[in-house]
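Hello,

Please find the structure below. My notes on a metal site and on a sheet follow it.

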Amino acid sequence: MNTQALHILNSTFGYNSFRGHQADIIDRTINGQDTLVLMPTGSGKSLCYQIPALIRPGVGIVISPLIALMQDQVNALTLLGIQAACINSTQDYATQRHIAEQLRQGELNLLYIAPERLLMPKTLAFLEQISVALFAIDEAHCVSQWGHDFREEYLQLAILSERFPNIPRIALTATADKRSQQEIIERLQLNNCKQYISSFDRTNIRYYIQEKNDKPKAQLWQFLQKHRDETGIIYCLSRKRVEQLAQWLQSQGLSALPYHAGMSTQARHQNQMRFLQEDQIIVVATIAFGMGINKPNVRFVAHMDLPKSLEAYYQETGRAGRDGETAEAFMLYGLQDIISLRQMLAQSSGSEEFKRITRHRLEAMLSFCESSDCRRQQLLAYFDEHLEKPCGNCDNCLSPPKTWDATQAAQQALSCVYRSGQRFGVNHLVDILLGNLTDKVQQFYHQHLSTFGIGKALNKQHWRVLFRQLVAKGLVEVDVDAYGAFKLTESCRPILRGEHTLTLRQQAFNQASNEKLNKSPQKQKHMPIPSHLEPIWQSLRDLRKKLADKQGVPPYVIFHDSTLKEMLLTWPESLQDMEQIHGIGQSKLTKYGKAFLSLLQQHTPHD
Ligand code: ADP
Ligand code: ZN
């Protein structure tokens, strides 16, 4: 173990020990070797290149696609006493020249830069003249053409291996299945690369998936009751729905802001800033929001629509609970989601192979939703990780779903699809099964089909769910070119012939009555503030907010909640005491120690 690295961890960052593979990764990078780091969000990837950049001579170059967030990262590092800067196209000439001068003088420890900027011939030529400590390639999964964040420029980063053969490169990501891992190593041409893969289990996140009924807003509202006054992200598939939902939440008195790619850059930036700065705020967004959002105290992520893949689901839900405290991931999904996603896929201009892979991913997502097994076990299995026992912290563990023998109902549904000519969507099929004499039924003489009215044992909602489950199981498919008409697939034959039985998850339409899930997750680490300490807790937060505003950074950049709580708990009486607190290094001690100490001194621990 590199003692200098440990010293920096203690004195600069204020942490006691390295987590997981951090120490090994840091050692390797200091020694000049290439590394691929796969660690879930919030597990501490940044230290893996920040500390080597402080130890190796020269400046550490951090390549990131998230230009909007670079300044935040620089601000946070500056507060730690680290010399950092970023370069981007919004800066004026004087600023850029100043940074170039600092680089020439060897004054910077870290430089953040977007790939397109780095790849400019003049930037590369400039870097060849100065001393570079390392290249950190953040969000490295962007090289993967199959992933959801593919960036053309990332492919060209391979050039670093030719132009800077002696400089270590460290690629980092929080999402990559086996195939993308290989892709990253190949495409970035990492040499003798060692991979470090941490467990992807985010134990503090509780997964909770519900089928969407005809009042999704009410379902969301009920979920939000557990998260009053907390920060969260709500994802919707379309811009329109984002706007509508944000407005509705505002009309209910919540601070909710929309975020989607159709808004002006300025409006988007403003909402993102508010999200980072404020404490009790909800962003309603399309997936355009979130990459690189590192607000630590996001307490919930809700999906109003089905995500495109389990990777996307994992990534998006992973934005909750980065501070390690309890958080919840909530998802609603329904038949219409499947149809919409299939439609989007059909209309996409991607290659056949792209469509095939995308379809495969969607299917994995669906079977995840429909399954009765532990969500965490399944999610981790998708990333080739084996979790021994069910987790005890997901909906299926907390409230095991019942199953039923759906063979006969499935046979009725399948033969109804077949007899009506495989040309109709779910509403009409259900009308036939229920024996509803609608205009459309009469127009096609479907009252004379043998399946007309044979399904009265189930109601409309049950039939819709059953059709969705048949789609999820691949027994029927939705033909998006034919207005969502259902068609049979090969695999439904054994069921129609009675050779196979079909067991399905019983749908609980009244999940409102489910006590265990409606209770807030146990706040294990989330120590409640004793009521007599509330006023001083509030003063600590006010002081933090005041300091943050003065520096133009979000409050958590000054101190995390957990650091403030530790102050309350240990009541430091001197700067030495204060330095023992998690998250307080020398720079922050010097900057803020006195202010917090004198605030504490104005109270006594027991008043
Ligand atoms: P990632 O980039 O993997 O999402 P970050 O690098 O932003 O995660 O780290 C997440 C949080 O964990 C940060 O607040 C960071 O300061 C903290 N952290 C990282 N390493 C350690 C450590 N060894 N001990 C304590 N806290 C740490
Ligand atoms: Zn579980």
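The site of the zinc ion (ligand 2) is tetrahedral, with angles of 101 to 119 degrees among its four donor atoms; four donors count as tetrahedral if all angles lie between 85 and 135 degrees. For comparison, the ideal angle for four tetrahedral donors is 109.5 degrees. This is a predicted model, in which local features need pLDDT of at least 70, side-chain atom pairs count only at pLDDT 80 or more, and totals for chains, interfaces and linings use all residues. Residues are numbered from 1 along each chain as its sequence is written, chains are lettered from A and ligands numbered from 1 in the order in which they are written, and side-chain values use heavy atoms, leaving out hydrogens and water.

The protein donors (N, O and S atoms within 2.8 Å of the metal, or 3.2 Å for Na, K and Ca) are the SG atoms of Cys374, Cys391, Cys394 and Cys397, lying 2.3 to 2.4 Å from the zinc ion. Their spacing in sequence is C-x16-C-x2-C-x2-C. Cys374 lies in the loop between α16 (352–370) and α17 (375–382), and Cys391 in the loop between α17 and α18 (395–398), so the pair ties together parts that are 17 residues apart in sequence. Helices are DSSP runs of H or I with at least four residues, and strands are runs of E with at least two, numbered from the N terminus.

Now the sheet. Six strands form an open sheet in the order β8-β13-β12-β9-β11-β10, with parallel pairing; two strands pair if DSSP finds at least two bridges between them. β8 (205–211) and β10 (256–259) stand at the edges with a single partner strand each, so one side of each is left without a neighbour in the sheet.

Regards

Methods: Tetrahedral: all angles 85-135°; square planar, octahedral: opposite > 155°, others 65-115°.
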